[in-house]
Amino acid sequence: MAGKRQSSNLLQGTLDMLILRTLLYGPAHGHQIGKHIQRTTEDFLQMQHGSLYPALHRLEKRGWVTAKWETARDRNREFKYYRLTEKGRKQLLVEESQWKQMSEAVARVMWPAAEEN
Amino acid sequence: MKWWQLRKRNADLEREIQSDLDLEEEEQRERNLSPEDARYAARRAFGNTSLIREQTHEAWGWANIERLLADIRYAFRALRKSPGFTLTATLTLALGIGANAAIFSLVSAIVLRPLPYPNPEQLVGLGQWRNQKGEGYVQTGVSGPNILDIAAQKNIFQQVGYCRWAGFNITEGNHPESVDSVMASLDMLPIFGVQPMIGRLFTAEETQQGHDQVAILGHKLWQTRYASDPAILGKTIRLDEKPYTIIGVMPARFRFTWDQEMGVFVPLALTPDELSEQGRATSRDLQTQARLQTGISVKQAQAAMDTLATNLETQHPVANKGWGFKVEPLHAAYYRHIGEPLLIMSGAVLFVLLIACGNVANLLLARATVRKRETAIRAAIGASRRRIVAQLLTESVVLAAVGGSLGLLLAYIGDRILTFEMTHYRQYSVPNASVINLDWRVLLFSLALTLLTGVIFGLAPALIASRTDLNESLRETGANSASESGRRRLRNGLVISEIALALVLLTGAGLLIRTFLGLMQVDLGIDPTNVVTMGIDLPHYKYSATVNQTQFFRQLLQRVQALPGVTAVGIEQPGARVFFQPEGEPVVTPGQEPTASLNVVSPGDFPAMGIALVAGRYLAQSDADGATPVALISATAAHRYWPNANPIGRHLSVLAKVYSGKNEGANQSLEIVGIVKDRRGYDLWEPRSDLYVPFEQHPISFAYLNVRTSVAPLSIVPSIREAVLAIDDEQPLNDPMLLTEQIARTYGTLRFPMTLVWIFASLALLLSAVGIFGVMSYTVSRRTHELAIRMALGADRFMVLRQILREGFGVTLIGVAIGLAAALSLSRIMADYVYGIKATDPLTYAAATMVLVLVAMAACYIPARRASSVNPMQALRNE
């Protein structure tokens, strides 16, 4: 329980970025986004994909993604597809660079020797 | 996204979640799980759906409103579940809010609704005033020449208009019809920014004497009498037997001086006399209103008028010495006389509402204790304190809203009653009384009041209820705790405030009742039993010569006196204000001359009205035209203006009438032959300084005929009518009425506002009694355990009874002390409205206190008796 809580806290800050990054490949519905993130992180994040939805709706409200019910190409069923907007693309860049700065800063503190090399 | 799309949005989210779950389920089934296991696995993978739903809602940004809606739904459910509480609380609030809304409708109609004219803020009323010896501030209209001087100040006023009310009869066809009519100067109607619907207003020429036989009709008269004749212009209307050419019809919505529906407007052409230097003093009856120049404030106008008044005092000392001009916003001038009573009423109903709030707060407190468990459970499963307070507050606002809606219904009924009363007794002269209703201001006010009320009575109970100690509440023991004493303090504090407020209202109502009783016992100075009174108005066109008028009345008195059953008969024309100089007394500073009402009477009027002689003699038949001019004075006039001398045999000279365009009686020397008792009738509150002069020496065309009979007074009216017709077969008698009835009406106008305050005070008393009853009942039920132990240990029933009563008494006493202090500090406001007692009348205060304490003790007695009848065995076993 404790471990999970930790990882989801970490996720909270970076989930937006991960979603935006996933959508860079093209429009996707919630389940696809969740599966993609799970698969890519090799289930490290242990994310319950339900937790995507509040984030997705938040992103939509901010205008970083748009959503539309569309019929899937491979089956005869409608899904709610999320699409990255231009604003979302810019936001992704911003978050990416922030994340980089952050992890570099953390790395400098954690492994000072490596930095010297 | 807008919040009203929530429902759609919600369906969308459900579909999205469902679609995700379905997909996941399919995938799980592909791993060869049974359908059931696959569904559970999908749910596990997805997470907590309720939580996710909630979080998504938060992301939409309308979570607060959603929560509010949920709270409101919940509140309604909770209220439905306890109908007893809901009914009591809503009714209490409905009374409080309803009373406030009703009184506020009055305030709205009179004070807040702007005058129905363009740029109403530019409209002002003008008056002359001076500091009158014995009477203080006296305000009159403005005299003709003074108006011309004022109107000359073009940089201050756009227009200055003036008018006189006229009581014309339309003398066409068989029945003369009286019509509300006004004589208006050239600028009077233009001030109101109005144009006739058809035709035109007066021209400058038409406001000159000899050219003034034109008339403008009011819309209603045009509709009713002339069937909306479109070709009315140029036709003739006969007013008091004189032909007037109709030149216009006013629009339907136009009301003169705010709310007067006039039938006829004719030009007011001042006579050369009125415009002369003498007229500067004698024509101070002109009602004067003006429109300020754009950008000029009332204050600036007042300053200009002060300067003008000073100049006129030096230029025309005889007429203007001591007189100033007063400029006030026209709207305020219209409602000036009832501004303060309105304020008192508003205060009274506010008190009632506060008491109602106190009661409901107490009910909520008791309810919070009952619902402690529920609150505790909510807190235990994670509701923040803020959340609980918000929910409880929502509940109280919902309660207030239900009460408020019911209150509006009460207010609507109240408004109908107020409208009826105010228009029925026209003596109130409440402006705009016919349109007392729930306008948008009242609705807005009630809404604000309702929300505020909900928060006021809900906040403290909610805060206290939310401060629960989980462990203790969930265990639900009845034991006393720290929070319990805080609640008790609050409960007692509420009851104490209620008692204090109720006492203030009770003393106020008590003062008014004592005032009314005092006025009932006022020595009217007349004996009204077996007297019938009626008006006789001789038309000018027929009785233009004063000799004919006097002749008519002389004959009439003789004929009526001769009727069987008549013991005395007299005529009187009630007083117009005059100023006079007592001869032989030092000449007073101009502006400080003694004043009196000049009544023109026949000698027989004193026995007819039953006015007693104090000294000297009555008027006699011998005081005729040509004999020495004589006068009687009232006792008040005697000791106000002849404090150190016997006025009988002395002379006074009447200086000038203020309220008359005519000049009669001016500068006439009269010998005082007698002093009569003060009489009151028109004004019950204060004895009036009166002069009585014989009609033979001062011809009049209008008089009241007062007849004292030895038979039923009204039975004699037909023979009086015959007597009149025998002299003039066209002369009508107006409104025969018993004098007792007339007096009853005067008291009626006093009774209504008093009844209102009395109703509010009774409500306050009732509500605070309910309040103390509730608190004591609660205390008793909480302390059953303790009382049972006491009784088990040997306390007898009487001791328990006494202990509970003592506690209630203590609370009452504190409330009474605070209430008395508050009532005393407010007594200054009441000082103008009490008669015969001081506003700090100890008897009234004592009586109000007694009533309150008795009622409070009665309210305590019931719970106290229940406490004393506790069966200790049973009570302890129940624990």
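Chain B of this predicted model is divided into five stretches of assignment: domain 1 (3-61), domain 2 (69-121 + 334-477), domain 3 (122-333), domain 4 (484-523 + 743-879) and domain 5 (539-730). Domain 2 is written in two segments, 69-121 and 334-477. Domain 4 is also written in two, 484-523 and 743-879. Between the C-alpha centres of domain 1 of chain B and domain 2 of chain B there are 44 Å.

How is the nonpolar interior arranged? The largest nonpolar core has 108 residues. Val352(B), Leu505(B), Phe760(B) and Ala764(B) touch the most other members. Helix H13 (residues 330-370) of chain B gives the largest share of this core, 17 residues. Domain 2 (69-121 + 334-477) and domain 4 (484-523 + 743-879) of chain B both contribute residues, so the core lies between them. Val352(B) shows what such a position looks like in detail. Leaving out residues up to four places away in sequence, Val352(B) touches Gly96(B), Ala99(B), Phe760(B), Leu763(B) and Ala764(B). A second core is separate and has 56 residues. Among its members are Leu201(B), Ile246(B), Val266(B) and Met305(B). As a general background, nonpolar side chains in soluble globular proteins tend to be buried together.

Now turn to strand E18 (residues 630-634) of chain B. Five of its five residues are buried, so E18(B) is largely enclosed by the rest of the structure. Both faces are covered. Val630(B), Leu632(B) and Ser634(B) are buried on one side. Ala631(B) and Ile633(B) are buried on the other.

E18(B) has two strand partners to look at. Five bridges join E18(B) to strand E20 (residues 668-676) of chain B, and these two run parallel. Within that pairing, Leu632(B) has Gly674(B) of E20(B) as its bridge partner. Two bridges join E18(B) to strand E21 (residues 690-694) of chain B, and here the strands run antiparallel. In E21(B), Leu691(B) stands opposite Ile633(B).

Ser634(B) belongs to E18(B). Is Ser634(B) buried or exposed? Ser634(B) counts as buried because it has 25 C-beta neighbours inside 10 Å, and the cut-off for buried is 20 or more. Which residues does Ser634(B) contact, leaving aside its neighbours within four places in sequence? They are Val676(B), Asp678(B), Arg688(B), Ser689(B) and Asp690(B). Of these, Val676(B) falls in the range of E20(B), residues 668-676. Asp690(B) falls in the range of E21(B), residues 690-694. Ser634(B) and Val614(B) are 20 residues apart along the chain, and their C-alpha atoms are separated by 8.8 Å.

Chain A comes next. Chain A has five helices and three strands. Its elements run α-β-α-α-β-β-α-α from the N terminus on. Of its 117 residues, 28% count as buried. Among contacts in chain A with a separation of 6 or more, 52% link residues 24 or more positions apart.

The three strands of chain A form an open sheet in the order E1-E3-E2, with antiparallel pairing. Strand E1 (28-29) and strand E2 (65-71) of chain A are the edge strands, and each pairs on one side only. Two bridges join E1(A) to E3(A), which run antiparallel. Ala28(A) stands opposite Tyr82(A) of E3(A).

Where do the chains meet? The contact involves 13 residues of chain A and 17 residues of chain B. On the chain A side, helix H2 (30-40), helix H3 (52-62) and strand E3 (78-84) each supply at least two residues. H3(A) gives the largest share, five residues. By type, this side of chain A divides into three nonpolar, seven polar and three charged residues.

How far does the predictor trust the model? For the complex, the ipTM is 0.80 and the pTM is 0.77. Chain B has a mean pLDDT of 86, and 94% of its residues reach 70 or more. Confidence in chain B is highest in strand E8 (residues 214-217), at 96. Confidence is lowest in helix H17 (residues 470-475) of chain B, at a mean of 59. Over residues 476-480 of chain B the pLDDT is below 50, and this stretch has two contacts beyond near neighbours in sequence. Residues 658-665 of chain B are also below 50, but this stretch has 20 such contacts in the model.

How values were computed:
Residues numbered from 1 in each chain as written. Chains lettered and ligands numbered in written order. Predicted model: local features only at pLDDT ≥ 70, side-chain atom pairs only at ≥ 80, totals over all residues. Contact = placed C-beta atoms within 7 Å. Helix = DSSP H or I, 4+ residues; strand = E, 2+ residues; numbered from the N terminus. Nonpolar A, V, L, I, M, F, W, Y, C, P; charged D, E, K, R; others polar. pLDDT = per-residue confidence, 0-100. Buried ≥ 20, exposed ≤ 12 C-beta atoms within 10 Å, placed from the backbone. Domains from an automatic or database assignment. Pairing = 2+ DSSP bridges. Core = buried A, V, L, I, M, F, W, Y, C linked by C-beta atoms within 7 Å.
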